[in-house]
Amino acid sequence: MTSAPPLLLRPDATGIDQAAALLARGALVAFPTETVYGLGADARNGEAVAAIYAAKGRPSFNPLIVHLPSTKAAQSYVQWSDTADRLAQAFWPGPLTLVLPLRKDHGLSGLVTAGLPTVALRVPAQPSAQRLLRAFAGPVAAPSANPSGRISPTTAQHVVAGLGETVAAVLDDGPCAVGLESTIIGLDGVPALLRAGGLPLEALEAALGAPLPHATTPVAITAPGQLASHYAPKAALRTNVTEAGPDELLLGFGPMAADLNLSARGDLHEAAANLFEMLHRLDAKGQPIAVAPIPDHGLGRAINDRLARAAAPRA
Ligand code: TXA
Ligand code: MG
């Protein structure tokens with residue numbers, strides 16, 4: 001832990017080298033991916049990984065996603081399979097996370113996997129993330145860089161506002177292009193969808209040539225992103241609203257009058273990229289939020305998943 005505000009690093013050679021050196025020293029470095037900003041630590045360093053949980057205030061040790069620069073690097077930690085290969089060839093680098101059985105000699109901290117026999121792996125496409133992972137040349141554990149249960153970060157400013165001095169540095173490369181966390185597929189047994197996300201289910205099913213069942217109880221853990229209340233703004237939030245109440249701020253979709261509009265032209269990719277940024281902006285005003293109906297296909301499925309959790313009663 002540090003006690004100064006985080007260093008803001010530029011995504012140039014100097015910034016990338018500094019970020020990699022900090023990771024190597026066991027510090028926490030937030031970095032951009034195409035989905036959301038991640039809170040990174042060396043996945044082999046137990047103390048560094050423990051600092052992730054402390055910084056986020058994560059209620060328990062839930063397993064983290066390990067980020068790697070390439071499929072080849074990912075393969076060395078797990079028992080690879082034909083299905084993994086097909087999905088990796090189609091979608092890595094990209095917004096897809098695969099959960100696979102660990103190899104015995106994996107070398108990752110037990111805190112990363114929460115003692116499970118599986119690990120979640122991701123190869124992000126965002127160029128600065130790629131350069132950082134290549135410069136560090138090791139596995140980087142990274143959950144979304146937000147306080148546990150709150151709105152996910154899609155800019156460096158969100159990270160600084162949410163986590164402040166608990167992070168040594170933030171690699172700032174502007175807003176995230178996709179704006180929703182990765183889609184998570186369990187490949188420990190029959191392939192199953194563990195979390196809807198930035199890669200649409202339709203694309204995965206097309207690549208697999210088969211329907212992908214939604215896992216009911218994925219594993220013997222409570223995945224934070226699967227908790228009923230998550231991604232929550234401070235204010236109350238209602239979904240599927242066609243008419244906002246007098247004190248509510250309306251978050252629109254498609255051509256309509258609204259305080260902010262996820263996509264006036266009704267484009268789900270644009271809406272996904274805007275979702276967390278607009279929730280952060282509306283939340284700063286301290287009024288209840290009403291969200292217009294979002295079509296439940298493609299990226300709309302993941303948007304509706306995040307909105308339902310943001311709207312759920314808080315613990
Ligand atoms: O897009 C993303 O996935 C972002 C960026 C930073 O890569 N990361 C992210 O991490 O969303 P996080 O920690 O917020 O969510 C990871 C999810 C959690 O719900 C966790 O429980 C689940 O992945 N997970 C991790 N390892 C798992 C495992 N072995 N089996 C099942 N679920 C697992
Ligand atoms: Mg998260």
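Residues are numbered from 1 along each chain as its sequence is written, and chains are lettered from A and ligands numbered from 1 in the order in which they are written. In this predicted model local features need pLDDT of at least 70 and side-chain atom pairs count only at pLDDT 80 or more, while totals for chains, interfaces and linings use all residues.

The chain is divided into domain 1 (7-224) and domain 2 (237-311), with bounds that come from an automatic or database domain assignment. Taken over C-alpha atoms, the centres of domain 1 and domain 2 are 26 Å apart. Their contact takes 17 residues from domain 1 and 16 residues from domain 2; two residues are in contact if their C-beta atoms, placed from the backbone, lie within 7 Å. The side of domain 1 that touches domain 2 has nine nonpolar, seven polar and one charged residues. In this classification Ala, Val, Leu, Ile, Met, Phe, Trp, Tyr, Cys and Pro count as nonpolar, Asp, Glu, Lys and Arg as charged, and the others, Gly among them, as polar.

Next comes the sheet. Helices (H or I, at least four residues) and strands (E, at least two) are DSSP runs, numbered from the N terminus, and two strands pair if DSSP finds at least two bridges between them. An open sheet of 10 strands with mixed pairing has the order E1-E8-E2-E3-E7-E4-E6-E5-E9-E10. Strand E1 (7-9) and strand E10 (192-195) are the edge strands, each pairing on one side only. Helix H7 (residues 156-163) packs on the sheet, where it touches E1, strand E2 (29-31), strand E3 (38-42) and strand E8 (169-171), and its direction makes about 160° with that of E8. That angle is taken between N-to-C directions on a scale from 0 to 180 degrees, with axes as lines fitted to C-alpha atoms, for helices over the stretch in contact.

Strand E6 (residues 118-122) runs parallel to strand E4 (residues 65-67), joined by three bridges. Valine 66 stands opposite leucine 121 in E6, and histidine 67 has arginine 122 as its bridge partner there. Strand E5 (residues 96-101) pairs with E6 in the antiparallel sense over five bridges, with leucine 100 opposite valine 119.

E9 and E10 are antiparallel, with three bridges, and in their hairpin glycine 189 takes a positive phi near 110°.

The largest nonpolar core has 102 residues, of which Ala19, Val29 and Val66 touch the most other members. Such a core is a set of buried Ala, Val, Leu, Ile, Met, Phe, Trp, Tyr and Cys residues joined through C-beta atoms within 7 Å. Helix H9 (residues 268-283) gives the most to this core, with nine residues.

Alanine 244 is in the loop between strand E11 (237-238) and strand E12 (249-252). Alanine 244 counts as buried because it has 20 C-beta neighbours inside 10 Å.

Technical notes:
Buried ≥ 20, exposed ≤ 12 C-beta atoms within 10 Å, placed from the backbone.
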